[in-house]
Amino acid sequence: MWHSTATRLPNYYATRLLTPRAMLRPLKLQDYKAWHAVRLRNKDALQPFEPRWSEDALEERFFKEKIVLQKQNWLRDAGYAFVIVANDDQTILGGINLNHVARGAAQQATLGYWIDGAEQGRGYMHEALEAVIAFARDDLRLHRLHAGTLPHNMRSRALLERSSFIEEGLARQYVSIDGAWQDHVLYGLVL
């Protein structure tokens, strides 16, 4: 069901992960207006679950720098960031990332994701997560994925559990979210 056009080292420009209703691909400069619109529309809903946004977080310069950093991480095998785009109208639905890729004895990465509030509960993120799991296992040859979520974020917890992640514990003051060090429930998935 999930398909990647990635080869041995996934090509930044050519990698596409396909799900039944969406495509995952790296951001491109032409995405700025659509990305800006969905992030702005969801700012109040996303901020309580993300690191504090900088003053320029929605400016085009910030977006361009974000793409440069994501491409550098991709080419260094340090991280893989995707935008989730609807197949029918190419609307940006959200994003999903594999961050902090560790090789050597670890062979693991940390998962991050967000979705447009209007699309929550429609299964798009589950499809995207399943595609990224397959990409991590089959293309990147990772052994394990980690994810952390705020204890009260029941949608995120349910998503991870639906995709076979196992709750592994609680990390106190784990990540700075919206300007405060927040506890996170930690999940893991052995691929």
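Me: Which residues does proline 51 touch, not counting residues up to four places away in sequence?
Reply: Proline 51 touches Ser176, Ile177 and Asp178, where contact means heavy atoms within 4.5 Å. This is a predicted model, in which local features need pLDDT of at least 70, side-chain atom pairs count only at pLDDT 80 or more, and totals for chains, interfaces and linings use all residues. Residues are numbered from 1 along each chain as its sequence is written, and side-chain values use heavy atoms, with hydrogens and water left out.

Me: Where does proline 51 lie?
Reply: In the loop between helix 2 (43–46) and helix 3 (60–75). Helices are DSSP runs of H or I with at least four residues, strands are E runs of at least two, and both are numbered from the N terminus.

Me: Moving on. Is histidine 184 buried or exposed?
Reply: Histidine 184 counts as buried, at 6% relative accessibility; buried means under 20% relative accessible area, exposed over 50%, partly exposed in between (1.4 Å probe, protein chains only).

Me: What is the place of histidine 184?
Reply: Strand 9, residues 180–190.

Me: And what does histidine 184 touch, not counting residues up to four places away in sequence?
Reply: Its contacts include Gly148, Pro151, Tyr174 and Ile177. Ile177 is also touched by proline 51.

Me: Which backbone oxygen lies 3.1 Å from a polar atom of the histidine 184 side chain?
Reply: That of glutamine 182.

Notes:
A polar contact is a pair of N or O atoms within 3.5 Å; within protein, one must be able to donate a hydrogen and the other to accept it, and residues adjacent in sequence count only if both atoms are side-chain atoms.
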